[in-house]
Amino acid sequence: MDRRLDPGLSPYRTFSRAEWAALRRDTPMTLRPDEITRLEGLGVHLSMQEVEEIYLPLSRLLSLYVAATQKLFRAMSHFLDQRDSEANGEGKMPYIIGVAGSVAVGKSTTARVLQALLARWPNTPKVDLVTTDGFLLPNAILEREGLMDKKGFPESYDLPLLLRFLTDIKAGRRPVRAPLYSHFFYDVMPDQFVEIDRPDILIVEGLNVLQTTRPPKDGKAIPFVSDFFDFSVYIDGDEDVIERWYVERFMRLRATAFKDPLSYFHRYSQLTEEQARATALSIWRGINLPNLMDNVLPTRQRADLILRKTGEHEVAEVSLRRL
């Protein structure tokens, strides 16, 4: 499905893979082949060429954006006469990058690659990564509210908690805790947290991180998660291709993690291959596809950068929002 606007109307400048790769210039490769392999997600092959042609140009772009934002922050601090706080490091403003896209599209792999590359810039910034899974409501609450089949939809998240987390990060508070989520148990882990201690850069990865709601008629300010982002990336792909990725991932998990009796999804490991494929398609078409079409895909045009993937998880086209 061709969903692109007429180039003359689009707020984006679109690059072919070759055009984007040329923007790497002299950005050095700082990852070894074995490190790249460890960054791969389940079913997401990541090649050295992919990192060189897609992620190194993006790393170069982000280095320029971060430097410009830091300069702007210093100018604002000077205007507000906050020079003492800045000198003491109290006014440190983390740069936040949002990564959005469908289930099974490769968001986590993209986020990990960015974290690894950005942490190896010459000034060795501290780069942390959190996913919004930890801000899902616990299963007990989802079951009580009849939302288990809506897990991953906007209403299944503890939005006030996520907004407080991002507010504290931007305010430079330390440390800030994010709830820990277990995909093995398919639930938020009670009293377990990830501590984020004043990073230079924070990457926030999740399905609905670019979503907004209808503005209130009284004009009162209501924050959105994306209001805290300095830059955002959307991972895109055709719906039928993402469906195939989802089913393939489900089948791999059926043969691995689901076999553990303690896994939340252990029951699926007992299915025949035909039954498992039918189950995966049912879950995709009944839950994940509606969430993609109704909630995730409509946010694509809010991203600063869109990485459009082909069927082999390779990026074929990059769209960068015009300034």
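A charge sits over a ring if NZ of Lys or CZ of Arg is within 6 Å of the ring centre and within 35 degrees of the ring normal. Keep that in mind for the first stop. What you have open is a predicted model, where local features need pLDDT of at least 70, side-chain atom pairs count only at pLDDT 80 or more, and totals for chains, interfaces and linings use all residues. Residues are numbered from 1 along each chain as its sequence is written, and side-chain values use heavy atoms, with hydrogens and water left out.

**Stop 1: charges over rings**

Select Lys151 and Tyr186. The charged end of Lys151 sits over the Tyr186 ring, 3.7 Å from the ring's centre. Now jump to Lys309 and Trp245. Here the charged end of Lys309 sits over the ring of Trp245, 5.9 Å from its centre.

**Stop 2**

A pair of aromatic rings is described by the distance of the centres and the angle of the planes. Rings of Phe, Tyr and Trp (its six-membered ring) pair if their centres lie within 6.5 Å; planes under 30 degrees apart count as stacked, over 60 as edge-to-face and the rest as tilted.

How many aromatic pairs does the structure hold? There are 13 of them. Zoom in on Phe250 and Phe258: the ring centres are 5.6 Å apart and the planes stand at 75°, so this pair is edge-to-face. Both Phe250 and Phe258 are buried (buried means under 20% relative accessible area, exposed over 50%, partly exposed in between, with a 1.4 Å probe and protein chains only).

Next, look at Phe258 with Tyr268. Their ring centres are 6.2 Å apart and their planes are at 50°, so the pair is tilted. Phe258 and Tyr268 are ten residues apart, and both belong to the loop between helix H8 (239-254) and helix H9 (273-296). Helices (H or I, at least four residues) and strands (E, at least two) are DSSP runs, numbered from the N terminus. Tyr268 has a relative accessible area of 14%, so Tyr268 is buried. Phe258 is at 7% relative accessibility, so Phe258 counts as buried too.

**Stop 3: helix H7**

Select residues 159-170, which make up helix H7. The expected span of a helix is 1.5 Å times one less than its number of residues. For the twelve residues of H7 that gives 16 Å, and the end C-alpha atoms are 16 Å apart, which agrees.

Which residues of H7 are buried? Colour Leu162, Leu163, Phe165, Leu166, Ile169 and Lys170. They cover an arc of only 155° around the axis, which puts them on the same side of H7 (the arc is that of the directions from the helix axis to the C-beta atoms). An α-helix has 3.6 residues a turn, so residues three or four places apart point the same way.

Now show what the buried residues of H7 pack against: strand S2 (95-101), strand S3 (127-131), strand S4 (176-182), strand S5 (187-196) and strand S6 (201-205). Just after H7, click on Gly172, which takes a positive phi of about 75°.

**Stop 4: salt bridges**

Side chains of opposite charge can pair when their charged atoms come close. A salt bridge is a side-chain nitrogen of Lys or Arg within 4 Å of a carboxyl oxygen of Asp or Glu. A search of the whole structure finds 16 salt bridges.

Pick Glu50 and Arg17, whose closest N and O atoms are 2.8 Å apart in a salt bridge. This pair links distant parts of the chain, with Glu50 in helix H3 (residues 48-79) and Arg17 in helix H1 (residues 17-21), 33 residues apart. Buried or exposed? Glu50 counts as buried at 3% relative accessibility, and Arg17 counts as buried at 17%.

For another view, select Glu145 and Arg144, which meet in a salt bridge at 3.5 Å, N to O. Glu145 is partly exposed at 47%, while Arg144 is exposed at 62%.

**Stop 5: Ser319**

Finish in strand S9 (residues 315-321), where Ser319 lies. Ser319 counts as buried, at 10% relative accessibility. Leaving aside neighbours within four places in sequence, Ser319 is in contact (heavy atoms within 4.5 Å) with Tyr12, Arg13, Thr14, Asp304, Leu305 and Ile306.
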